[in-house]
Amino acid sequence: MANETDNPCDTDGAAHRFDLVLERIIAAPPEKIFRAWTEPELIKQWLAPKPWTITEAICDPRPGGLTQFTMRSPDGQEFPNSGVFLEVIPNRRIVSTDGLTPDWKPAGQPFMVSRIELEPLPDGRTKYTATAHHWNEATMKQHEAMGFHEGWGQCADQLAELVKTF
């Protein structure tokens, strides 16, 4: 953990476990799931828990590439989400954060690093692991209270249904 000082640069350099994790077995190969995560028209179909929607999606799946989408609530409020890809291994892993811009500048208060792992299973299905890594316990608890498990779980179920269609 960070040292107990007022100096924000006084950190121990160690990774800390403020993670929320969702796992599913999806009846589709990793290639289909990767497509659904990286093609804007597919992203719009599953990345918001219904009745919420995605009104805009931009995806440049490469380190430093932009990931951006806008969620719309049932009453019409819009919530833009923007970040940058840190690591992209086609059909295996997607790592992004809202803490940086595509030109590697700080993007305000960071909320999390998102890691999507796609592990192929021998029967053609995929072990899907979505992890939200947070900078501190307070942010992790905030995300959990916002409905991480329910929301990300519903989206994973929508993703599983979508990949059956292509």
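Strands and helices here are DSSP runs numbered from the N terminus, with at least two residues (E) for a strand and at least four (H or I) for a helix, while two strands count as paired if DSSP finds at least two bridges between them. The model is predicted, so that local features need pLDDT of at least 70 and side-chain atom pairs count only at pLDDT 80 or more, whereas totals for chains, interfaces and linings use all residues. Residues are numbered from 1 along each chain as its sequence is written, and side-chain values use heavy atoms, with hydrogens and water left out.

### The sheet and the helix on it

The β3 and β4 strands belong to an open sheet of seven strands, ordered β1-β7-β6-β5-β4-β3-β2 with antiparallel pairing. Its edge strands, each of which pairs on one side only, are β1 (19–26) and β2 (53–59). From one strand to the next the twist averages 20 degrees. Helix α1 (residues 30–38) packs on this sheet and touches β1, β2, β4, β5 (93–97), β6 (113–120) and β7 (126–133), its direction making about 155 degrees with that of β6. Touching, or contact, means heavy atoms within 4.5 Å; axes are lines fitted to C-alpha atoms, for helices over the stretch in contact, and angles run from 0 to 180 degrees between N-to-C directions.

C59 has T67 of β3 as its bridge partner, and in the hairpin of β2 and β3, with six residues between the strands, G64 takes a positive phi near 90 degrees. T67 touches I58, N81, S82, G83, V84, F85 and S96, not counting residues up to four places away in sequence.

T38 lies in helix α1. The backbone oxygen of F34 is 2.8 Å from a polar atom of the T38 side chain, which is a polar contact in the sense of a pair of N or O atoms within 3.5 Å (within protein, one must be able to donate a hydrogen and the other to accept it, and residues adjacent in sequence count only if both atoms are side-chain atoms). With residues up to four places away in sequence not counted, T38 touches I43, C59, P61 and I94.

| Residue | Relative accessible area | Class |
|---|---|---|
| T38 | 11% | buried |
| T67 | 16% | buried |
| W104 | 46% | partly exposed |
| G108 | 54% | exposed |

Y128 touches, among others, L22, I26, I33, W37, W46, A156 and L159, not counting residues up to four places away in sequence.

In helix α3 (residues 137–145), the residues T139, M140 and H143 are buried. Because they cover an arc of only 100 degrees around the axis, they lie on the same side of α3; the arc is that of the directions from the helix axis to the C-beta atoms. A138 and A145, on the other side of α3, are exposed. The cover over the buried residues of α3 includes β1, β7 and α4. At the start of α3, a side-chain oxygen of N136 reaches to within 3.2 Å of the backbone nitrogen of A138, and just after α3, G147 takes a positive phi of about 105 degrees.

### Loops and backbone details

The peptide bond from K50 to P51 is cis, with omega near 15 degrees, and P51 is placed in the loop between α2 (40–46) and β2. N91, a residue other than glycine, has a positive phi near 70 degrees and is found in the loop between β4 and β5. W104 is not a glycine either, yet has a positive phi of about 60 degrees; W104 is found in the loop between β5 and β6. G108 is also found in the loop between β5 and β6, and G108 and A48, 60 residues apart in sequence, are 23 Å apart in space, C-alpha to C-alpha.

How values were computed:
Buried < 20%, exposed > 50% of the residue type's maximum accessible area, 1.4 Å probe, protein only.
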